[in-house]
Amino acid sequence: MAKNPLDEVREDHRNMALLVELLRSDVEALREGADESVDIERVSDIVDYFAHYPDRVHHPREETMFSVFLEHHEASPELADALKQVQTQHVRFPELTESLNELLNAAMHDTPVLREELVARLDDYIEQQLEHLDLEEGLVFPELREKMTAKEWREVARRGPQERDPVFGAEVQEAYVKLYQRLESFRT
């Protein structure tokens, strides 16, 4: 039996939070000047993951959930405000991720990048990701879970993107094997 789309999205959130914590550990090392312990390629892989899965699959899947919900239900005023904010974030995240990827690519290719700028940009990215997850988990998902029917969830599953997570899916994609291995050691 297939998982409820909301359960899949919430599982994505747990995985994304884990990656954000790994990213945060690297940012702390950068902040402390421990450049030798930071693998910029791994930092870039994490940001690249956000560009390829959350920005292109996960957020469109959520947008499908919101669309189906609004086709059948009236949102509470709190949910309506939260949905506007979340949808704005969904539009802004790909640009933010791409900009951060450009900075990381410059750092990886020996272009001088100020550590302070990199740390500030990564801190901002982490904060925005965590605020987004908290908003959805705290305000959006409870009302969707309460009001949506099994038929509506099946409609979400049918209409939403079908791609699987390249790191946490059944098979780790080759581009993310090193990141997955680092995650495994980070979890222990």
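Asp123 is partly exposed, at 28% relative accessible area (buried means under 20%, exposed over 50%, partly exposed in between; 1.4 Å probe, protein chains only). This is a predicted model: local features need pLDDT of at least 70, side-chain atom pairs count only at pLDDT 80 or more, and totals for chains, interfaces and linings use all residues. Residues are numbered from 1 along each chain as its sequence is written, and side-chain values use heavy atoms, without hydrogens and water.

Asp123 and Arg31 form a salt bridge, 2.8 Å from N to O (a side-chain nitrogen of Lys or Arg within 4 Å of a carboxyl oxygen of Asp or Glu). The pair links distant parts of the chain: Arg31 lies in helix H1 and Asp123 in helix H5, 92 residues apart. Helices are DSSP runs (H or I, at least four residues), numbered from the N terminus. Shared partners join Glu28, Arg31 and Asp123 into one network. Glu28 meets Arg31 at 3.0 Å, N to O. Both sit in helix H1, about one helical turn apart, because 3 residues separate them.

Arg42 bridges to Asp26, with the closest N and O atoms 2.5 Å apart. Arg42 belongs to helix H2 and Asp26 to helix H1, 16 residues apart. Arg42 is buried at 11%. Asp26 is buried at 3%.

## The nonpolar core

The largest nonpolar core has 33 residues (buried Ala, Val, Leu, Ile, Met, Phe, Trp, Tyr and Cys joined through side-chain atoms within 4.5 Å). Leu19, Tyr49, Phe50 and Leu122 have the most contacts inside this core. H1 gives the largest share, 9 residues.

Technical notes
Helices (H or I, at least four residues) and strands (E, at least two) are DSSP runs, numbered from the N terminus.
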